[in-house]
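Biologist: I'm new to this one. Please pick a single part, go through it slowly, and then show me how the rest sits around it.

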Amino acid sequence: MADREQPVTLRTRKFIRNPLLGRKQMVVDVLHPSRPNVSKDELRSKLAELYKANKDTISVFGFRTQYGGGKSTGFALIYDSNEVMKKFEPHYRLVRYGQATKIEKASRQQRKQRKNRAKTVRGTAKTKGVEKKKK
């Protein structure tokens with residue numbers, strides 16, 4: 001983990017306070033000349049100490065490293081509280097940060113096959129859907 005000791009500079013721009021959604025939103029420029037990239041978890045920690053906020057109320061996403069490396073740009077949201085974050089943040093991002101559990105469901109192809117099998121059965125027996133009609 002020698003990369004963690006390398007210096008990283010955070011610059012924020014387009015800072016907006018959004019009271020209706022209970023958050024601060026900004027574009028984050030990360031300067032990391034001596035390392036390939038910076039983890040989102042580390043960025044959340046650095047933003048938390050920079051803005052004196054709780055790490056659990058910070059969401060970072062959309063980071064792209066510029067060609068040639070050394071600089072990444074992305075977006076950050078700092079919510080006022082955990083409740084507001086759970087209300088407005090998309091579920092998949094809450095799952096990323098460990099604040100929600102992933103909903104397990106069958107694969108897309110299996111769901112489509114089940115739907116099409118159910119279309120072949122008429123009447124009340126649609127729950128089984130495996131018997132075929134005899135001619």
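This is a predicted model: local features need pLDDT of at least 70, side-chain atom pairs count only at pLDDT 80 or more; totals for chains, interfaces and linings use all residues.

Modeller: Let's start with a charged pair: aspartate 29 and arginine 13 join their side chains in a salt bridge, 2.7 Å from N to O (a side-chain nitrogen of Lys or Arg within 4 Å of a carboxyl oxygen of Asp or Glu). Aspartate 29 belongs to strand E2 and arginine 13 to strand E1, so this pair ties together parts 16 residues apart in sequence. Strands (E, at least two residues) and helices (H or I, at least four) are DSSP runs, numbered from the N terminus.

Residues are numbered from 1 along each chain as its sequence is written, and side-chain values use heavy atoms, with hydrogens and water left out.

The structure holds five salt bridges, and two others are worth a look. Arginine 17 forms one with aspartate 80, with the closest N and O atoms 2.9 Å apart. Arginine 17 is in strand E1 and aspartate 80 in the loop between E4 and helix H2 (82–88), so that pair ties together parts 63 residues apart in sequence. Arginine 17 is partly exposed at 40% relative accessible area, and aspartate 80 is partly exposed at 43%. Then there's aspartate 41 with lysine 55, whose side chains meet at 2.7 Å, N to O. Aspartate 41 lies in helix H1 and lysine 55 in the loop between H1 and E3, so parts 14 residues apart in sequence are tied together. Their relative accessible areas are 39% for aspartate 41 and 27% for lysine 55.

Strand E2 (residues 23–31) pairs with strand E4 (residues 71–79) in the antiparallel sense over nine bridges (strands pair if DSSP finds at least two bridges between them). Glutamine 25 faces leucine 77 of E4 there. E4 also pairs with strand E3 (residues 58–65), again antiparallel, over six bridges, and phenylalanine 61 has phenylalanine 75 in E4 as its bridge partner. The E3–E4 hairpin leaves five residues between the strands, and glycine 68 takes a positive phi near 95° there.

Just past H1, lysine 52 takes a positive phi of about 50°.

Stepping back, the protein has four helices and four strands, running β-β-α-β-β-α-α-α from the N terminus. Of its 135 residues, 30% count as buried.

Key. Buried means under 20% relative accessible area, exposed over 50%, partly exposed in between (1.4 Å probe, protein chains only).
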